[in-house]
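Please read the points below with the coordinates open beside you.

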Amino acid sequence: MSLLPVTVLTGFLGAGKSTLLNKLLRHPDMGETAVIINEFGEVGLDHLLVRRVDEDVVLLNSGCLCCTVRSDMVDALRELFLKRVRNEVPEFQRVVIETTGLADPAPIIHTLMTDPLVGAHFRMDGVVTLVDAVNGDNQLDRQREAVKQAAVADRIVLTKTDIATTEAVEALRNRLHALNPAAPLLEAVSGEIDPSALIDCGLFTTEDKAPDVARWLNEEAYAEKAEEGHGQHDHDHGHHHHGHHHHDVNRHDSHISSFCVTVDDPIEWELFVSAMELLISSKGEDLLRVKGILNVVGQEYPIAVHGVQHVFHPPVPLPEWPSTERASKIVFITRDLDKETVDSLLGAILSGRMSMASGVEPA
């Protein structure tokens, strides 16, 4: 049985998640989806209700299944799966988890990566972050969590673009693109968006086709960003990465870096693990997200790796190379940890110039 994909829906306070969810739940394409939400009330499900399975689960006329989280995510996912096995609910094919306003999506992703019972049935698909076009800029200035939510997203959905000024929307788009070059920026007008734009943004699509590595990594976006950045702040070391921006250089974004590291020679798996362990032990909280495809010595096909802060998903062997290129590519989204530091650390460990015993001072 293939694992059920889970999409994490997060977003800034007031970005209109309930409105978006409401519209999604009516969408015929969401028929085989189970949605885990904090409170039924917030989403105003009453007019959509068809049948109450029990006090925590309702089945909607679109075929969508809604379950409210009373305890924690692990229990909710396990319970929902058991109901599916016992035929108490329809056989849903995917899950959307809605988190509260400023929640950090990391703990949910950690659960999906590490809990053995959850991992036996579910897999992480992607993080979708909603950003309010009217207040988003201000929230990014004031809320460190908001910056992080946008930085780790696989898809960013702008809401309220119809009531924000064109200049505000453009400035916000530029800012979000600098923060997270790889995430497509989508717009939801009055909460309307096609569900297909939000799902299947992970490595595997539901049809069990070949993994879509190119879209998952989207490393071209980082290359373009590096090109744009040339000459902008060569004179300007330290944390003022986006010195050309009209905002205060001390704002939260300037602490976030996103880049892709390419390693041409095949990598010794043990050395890669050592390098990651060193980074995690010194900078775990600041490795917001790491995803990559590795050419590992002794392996014919590539290995996909995915980590969020100090937790890594078990490596996944892929059935084929996405192209003729055989280089390893690792995308990092970090806080207060720049590409040069990561490059030199990886280079030193992978080439054997630095043993783990010698220890490294975190930069």
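A nonpolar core is here a set of buried Ala, Val, Leu, Ile, Met, Phe, Trp, Tyr and Cys residues joined through side-chain atoms within 4.5 Å. The model under discussion is a predicted one.

1. Core packing. The largest nonpolar core has 59 residues, and within it the residues with the most contacts are L25 and L45. The largest share of this core, five residues, is supplied by helix α7, which covers residues 144–152. When its neighbours within four places in sequence are left aside, L25 is in contact with V35, V43, L45, L48, L60, S62, C64 and C66. As general background, nonpolar side chains in soluble globular proteins tend to be buried together.

2. Helix α7. How many of the nine residues of α7 are buried? Seven of them are, so the helix is largely enclosed by the rest of the structure.

3. Strand β5 and its partners. From strand β5 (residues 65–68), L65 and C67 point one way while C66 and T68 point the other way, and all of these are buried. Strand β2 (residues 33–37) runs parallel to β5 and is joined to it by four bridges, with T68 of β5 as the bridge partner of I37. Strand β4 (residues 57–60), by contrast, pairs with β5 in the antiparallel sense over three bridges, and here C67 of β5 is the bridge partner of V57. β4 and β5 form a hairpin with four residues between them, and in the turn G63 has a positive phi of about 95 degrees.

4. Aromatic pairs. The structure holds three aromatic pairs, two of which are described here. The ring centres of F81 and F122 are 5.9 Å apart and the ring planes stand at 75 degrees, so this pair is edge-to-face. Because F81 lies in helix α3 (residues 73–85) and F122 in strand β7 (residues 122–132), the pair ties together parts that are 41 residues apart in sequence. Both F81 and F122 are buried. For F259 and F332 the ring centres are 5.5 Å apart and the planes are at 20 degrees, so this pair is stacked. F259 belongs to strand β10 (residues 256–263) and F332 to strand β15 (residues 328–335), so the pair ties together parts that are 73 residues apart in sequence. F259 and F332 are both buried.

5. A charge over a ring. The charged end of R84 sits over the ring of F92, at 5.3 Å from the ring centre.

Technical notes:
Residues numbered from 1 in each chain as written. Predicted model: local features only at pLDDT ≥ 70, side-chain atom pairs only at ≥ 80, totals over all residues. Heavy atoms only, no water. Phe/Tyr/Trp six-rings, centres within 6.5 Å; stacked < 30°, edge-to-face > 60°. Helix = DSSP H or I, 4+ residues; strand = E, 2+ residues; numbered from the N terminus. Buried < 20%, exposed > 50% of the residue type's maximum accessible area, 1.4 Å probe, protein only. Lys NZ or Arg CZ within 6 Å of the ring centre and 35° of its normal. Contact = heavy atoms within 4.5 Å. Pairing = 2+ DSSP bridges.
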